[in-house]
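Please look over the sequence and the structure below.

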Amino acid sequence: MANGMGSIFVGHSGLKASQDSIHNVANNLANVNTPGYVRQQVVFRDARYSNLAYSKNGYKKLIGQGTSIGEIVHARDIFLDKAFRTENGRQSYYAATYEAVDEVQSYFQELEGTAFQQILNGDKTSLWQAFEEFSKDPSDMATQNLVIQRASLFASRSKALFKGLMNYQTNINIQINDDIDEINGYLETIYNLNVAIQGIEAGGREIAMNERDARDYALDQLSKFGNVTYEERTNGSVYVKFEGELVVSDVVHYEMGKKTDPMTGYITPYWPHLSHEDAGRYTEVFDFSREICTAFNTDIGELKALVQARGTTISNFNDILNADPDKYDASVGLSIMQNTQAEFDQLVHAIVSQINDLLSPNKNMDELLVENADGTYSIYKNVRVLDEENCCVGADGKLPPQELFTRSGCERYRKVTAYDKEAGEWRDYYMYNEEDVNDSVSVTLNNGKTYRVFNDRKEPKATTVSTVDTTDMKKDANGRIEVEVDANGNIIGTYETTTGGTTTTSKGDLKASGEKPYCPWDKPGNEKYTSQKIDGSWVLNENYHYDTSKQYTSLEIEINYDLLTNITNLPHKHEDEKIAHDMAINLTKLWDNATISINPRYTQAKYNYSDYYKEMIGEIGIIGSLYGTTAEKLEATVEAVENQRNEVIGVSSDEELTRMIKYQNAYNASSRYIQTISDMIETLVTML
């Protein structure tokens, strides 16, 4: 009878084990579409055995108590997890970069039939075609109007294209902001799950399967944004590093901060817990000084790709001018947006400047003595003035001639009274208002420190100005200092000294003081160069802000308003009333002159406008093709790894339904077994 009752317990154990297995299958099926869920599998084991007696040779006589669930397997392949997260981050990096490059290409509309090149040198609607017509008869009002209209189209298209690039930088910046918020959300989630897992598993009797699944899913998602490494500790917590910095442990997690540039609004991710914000010292998340390549695992993460693609500011031709090749590659050249802006704006700047320089030409003067409005005098070195002998004029015959493209922040010339060395008299000059560009170079001293100093070592030399000391100088009848020119062409002044009532007149070089680089845009608190000298050169003020309204840039150029209202004032004739065919022909030849280098590293390679544009677009296309192909291959790799991982952790509804049928049959078998034992016991009891 005892054995009979024990047999019922054996059947009951099978019934219970089958029922729990069915519940496990039902849980798997319910979560078949739950992101990050890992399949749970039941493993059976023998229930405990009872010792009935010992045999004569000392062996135990045991009787089994049935079956039970030994464990529920929650299996993951840590190697596939690591491979997936690494390749997922790498694919996200190349995909985000390719998207940025593709967006840049779309702005130039090379495939839509309205490419910028058509405006530059197309057959019918281009600026080049307008000058071709202008060269046939510069005095024809129709051709003059054609030049102005095409120039207006060129300027507006250039500005629109450049603004489009800027707007996309803003869009990238919004994505960066959203990505940082997502990252901080995942970091907090992982930390909270660490705490929950510790609480559940502290007793050593239960495994926090759902919490572990959620944490692994958060790690999968986090891997998209950057280089994520992690390590599970004995207490069940996962320590997470993002770009090499510990950000999650079992006791704390750190958020990623947003450093916002006050000028552009661009966000740079940084670690607040490693920074000293009050002192202005920030530990940025990404180190772009390291080579970006697969070997170093530095080509990982969407956020890194976005920060790199957007760049740190808005660039123009000034970033290429006199740029150090290595520093350019490590800054502007690293960003597809900044590099494209700088290269495109350099093309626009070259076209605008060279056209203006033919319509309103300048000449360089080694030395020019200028009378200032306040009655003081200044000597300008290497200053440019209107070349009155070789310039043309419009229908009004006035000087200075009108430039075609103007800067929004200043006129082309300012009228000054200066000393004419050849005529030996004071007269009016039209002094060119220099662009507010970067005329500095880097100098590294023996102590290893690097300074940006005034570029007086390369041609063309920037303008310098000195204040003339007029003490004891003799004045003429008009109240101006008396000056002459010596045999070497140097300006000398007439001096009067009075000693003991005796006046002595002598001549000598004009005494000057304060020979600092001349910047007409200096403002109090924003001086371009400091009074400090390093290695004999003036040091650039690090806080100086360049005024782009004083530059011929894509954003600042406009069509001369005077020409829009008075078309015939476009320079087209010489002062002797002869038509300026020579100038008009030179304007068309600009499209054939190879004068522009596309990259600071290859300054020897010069291009004309058309070839430069083709080279620039070709460079963008090559980069886009490289990143697009790499992203496509990595997408296939990520998919392959994910498929392998799903073979281990994924839920297959067909397999689970097969298991459910098996467990249902086992349940039915256990039920029949119990019924049979019950009937047998009932028969025995009835017989007694």
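Contact means heavy atoms within 4.5 Å. Helices (H or I, at least four residues) and strands (E, at least two) are DSSP runs, numbered from the N terminus. This is a predicted model, in which local features need pLDDT of at least 70 and side-chain atom pairs count only at pLDDT 80 or more, while totals for chains, interfaces and linings use all residues. Residues are numbered from 1 along each chain as its sequence is written, and side-chain values use heavy atoms, with hydrogens and water left out.

Start at helix H7, residues 302-310, which is mostly covered. Nine of its nine residues are buried (under 20% relative accessible area, with exposed over 50% and partly exposed in between, for a 1.4 Å probe and protein chains only). Among them are Leu303, Leu306 and Val307. The buried residues of H7 pack against helix H2 (78-108), helix H5 (141-201), strand E9 (267-270) and helix H9 (336-359). Just after H7 comes glycine 311, with a positive phi of about 85°.

Next, turn to the strands. Two strands pair if DSSP finds at least two bridges between them. An open sheet is formed by three strands in the order E5-E6-E7, with antiparallel pairing. Its edge strands, E5 (228-232) and E7 (245-248), each pair on one side only. Strand E6 (residues 238-242) pairs with E7 over three bridges, and valine 240 stands opposite valine 248 in E7.

Isoleucine 492 stands opposite aspartate 509 in E20. The hairpin of E19 and E20 has two residues between the strands, and glycine 500 takes a positive phi near 55° there.
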